[in-house]
Amino acid sequence: MGWLFYTDRRVQTYADEKSEITRLCTFEGDTRKTELVKACKVGSTWYAAARVTNLDGTPVEDATYVTDPDGSITFAAVFLTAYDNGCWGYKDMEESAGPNESRAPLGLIELLSDLKDPDSYAQDWRQRCRDWASIPDYQEGDKIRLAAPVTLTDGSTCQIVTATHYRRGRQKRRCYRIEETGGLVRLSKASLAGSELLSSAKGEASPVLAEFLAGRD
């Protein structure tokens, strides 16, 4: 399915977007109904968990999803969104269609029904979401070894860095100090995948507390 834009400009705010995602995930046919369970926006992408139930109360039979104990199935939908000249638009796809965007929160993934095929596109998508969620959120002063050297714009590489920040106006922005040169570099979250914490500034900040805790062992 391609992009659909609303030329009436009725969607302008976050609340408008969430309301429209809810509407798109809520419908009823002759035998089944679908309702939104949870929706989360990450960047410009909406992730939704939608539950399907049979109107007559019988268990839902589906080729992709294992029926839950209550007889329903819950699947994920991904909505790419954008504004074009003030008009909001979206492109939607179900998780089994192999969407590229894969940053759904773990809380949403945990709501989904199990999959029958362990090698399906949906299974791969869910794992990529879990991998993204597992990337650590490092704190100021943490020393990190990246999973692989990162090539910088000058052609040099770095692999061991320390989390720090710099200021631009009133804003503090995350950056990393390169172990070998002391220079600063901005790193994307994706580049931190598989990284290893070598030392924690939080743990080193209070030797008195460390000694106290050691004495209690």
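These questions and answers walk through a predicted model.

Student: Which domains does the assignment give, and how many Å separate their centres?
Tutor: The domain assignment gives domain 1 as 4–134 and domain 2 as 142–215. Their centres are taken over C-alpha atoms. The separation is 35 Å.

Student: What is the order of the strands in the open sheet?
Tutor: The open sheet has six strands. Their pairing is antiparallel. The order is 1-6-5-4-3-2.

Student: Which strands stand at the edges?
Tutor: An edge strand here has a single partner strand, so one side is left without a neighbour in the sheet. That holds for strand 1 (4–5) and strand 2 (27–28).

Student: Is the aromatic pair of W88 and Y90 stacked, edge-to-face or tilted? Which angle separates the planes?
Tutor: Stacked needs planes under 30 degrees apart, and edge-to-face needs over 60. The rings of W88 and Y90 lie 5.8 Å apart, centre to centre. The angle between their planes is 35°, and the pair is tilted.

Student: Are W88 and Y90 buried or exposed?
Tutor: The cut-off for buried is under 20% relative accessible area. Both W88 and Y90 are buried.

Student: Which residues do ring pairs link into a cluster with W88 and Y90?
Tutor: The count of aromatic pairs comes to eight. Ring pairs link W88 and Y90 into a cluster with Y6 and F79.

Student: Over the face of which residue does R103 lie?
Tutor: R103 is at 3.9 Å from the ring centre. The ring belongs to W132.

Notes
Residues are numbered from 1 along each chain as its sequence is written. This is a predicted model: local features need pLDDT of at least 70, side-chain atom pairs count only at pLDDT 80 or more; totals for chains, interfaces and linings use all residues. Side-chain values use heavy atoms; hydrogens and water are left out. Rings of Phe, Tyr and Trp (its six-membered ring) pair if their centres lie within 6.5 Å; planes under 30 degrees apart count as stacked, over 60 as edge-to-face and the rest as tilted. Buried means under 20% relative accessible area, exposed over 50%, partly exposed in between (1.4 Å probe, protein chains only). A charge sits over a ring if NZ of Lys or CZ of Arg is within 6 Å of the ring centre and within 35 degrees of the ring normal. Two strands pair if DSSP finds at least two bridges between them. Helices (H or I, at least four residues) and strands (E, at least two) are DSSP runs, numbered from the N terminus. Domain bounds come from an automatic or database domain assignment.
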